[in-house]
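Open the structure in a viewer and keep the sequence beside it. This tour says what to select next and what is there.

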Amino acid sequence: MRISDFWRLMDDEFGAGYSRVLSSSLVLAGVGGRTADQALRAGIPPRQVWLALCVVQDVPPERRLGRDVTPR
């Protein structure tokens, strides 16, 4: 997963504004007690950060891959 995919998933699930609040303030045990922003800066793979966030926010498994995107 690329960082751009991470942000697309975040925005789709939580909204563009709230996703930035979550990424900067919510501490995730699954990435060593860091926020998503700190974890990404530390080099933790975006997929691992996304899944840790999904666990904490109770994102259902069927939404963890994001919405279907129609190819152009």
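What is on screen is a predicted model. Buried residues make up 33% of the 72 residues in the chain.

Among contacts with a separation of 6 or more, 44% join residues 24 or more positions apart.

Switch to a cartoon view. There are four helices and two strands, and along the sequence they follow the pattern α-α-β-β-α-α.

**The nonpolar core**

Select Phe6, Met10, Leu28 and Val49. Of the 19 residues in the largest nonpolar core, these four touch the most other members. Helix 1, helix 3 and helix 4 each supply at least two residues of this core. In soluble globular proteins, nonpolar side chains tend to be buried together.

Stay on phenylalanine 6 and show what surrounds it. Which residues is phenylalanine 6 in contact with, leaving aside its neighbours within four places in sequence? They are Met1, Ala36, Leu40, Pro46, Val49 and Trp50.

**Helix 4**

**Serine 19**

Now select serine 19 in helix 2, which runs over residues 16-25. Is serine 19 buried or exposed? Serine 19 counts as buried because its relative accessibility is 0%, and the cut-off for buried is under 20%.

Show the polar contacts of the serine 19 side chain. This side chain reaches the backbone oxygen of alanine 16 at 3.1 Å. A polar contact of 2.9 Å also links the side chain of serine 19 to that of arginine 20. Not counting residues up to four places away in sequence, serine 19 touches Trp7, Met10, Asp11 and Phe14. Met10 was also in the core selection.

**The salt bridges**

How many salt bridges does the count come to? The count is three.

- Arginine 20 counts as partly exposed at 39% relative accessibility, and aspartate 11 is partly exposed with a relative accessible area of 25%. Aspartate 11 is also among the residues that serine 19 touches.
- Select aspartate 12 and arginine 8. Their salt bridge has its closest N and O atoms 3.8 Å apart. Aspartate 12 and arginine 8 are four residues apart in helix 1, so about one helical turn separates them. Aspartate 12 is partly exposed at 34% relative accessibility, as is arginine 8 at 29%.
- Select arginine 63 and glutamate 13, whose side chains meet in a salt bridge of 2.6 Å, N to O. Arginine 63 lies in the segment after helix 4 and glutamate 13 in helix 1, so this pair ties together parts that are 50 residues apart in sequence. Arginine 63 is partly exposed, with a relative accessible area of 42%, and glutamate 13 is partly exposed with 22%.

**Threonine 35**

For the last stop, select threonine 35 in strand 2, residues 34-35. Threonine 35 counts as buried, because its relative accessibility is 7%. Which residues does threonine 35 contact, leaving aside its neighbours within four places in sequence? The contacts are Ser23, Ser24, Ser25, Leu26 and Val27.

Conventions. Residues numbered from 1 in each chain as written. Predicted model: local features only at pLDDT ≥ 70, side-chain atom pairs only at ≥ 80, totals over all residues. Heavy atoms only, no water. Buried < 20%, exposed > 50% of the residue type's maximum accessible area, 1.4 Å probe, protein only. Polar contact = N/O pair within 3.5 Å; in protein donor to acceptor, adjacent residues only side chain to side chain. Contact = heavy atoms within 4.5 Å. Salt bridge = Lys/Arg side-chain N within 4 Å of Asp/Glu carboxyl O. Core = buried A, V, L, I, M, F, W, Y, C linked by side-chain atoms within 4.5 Å.
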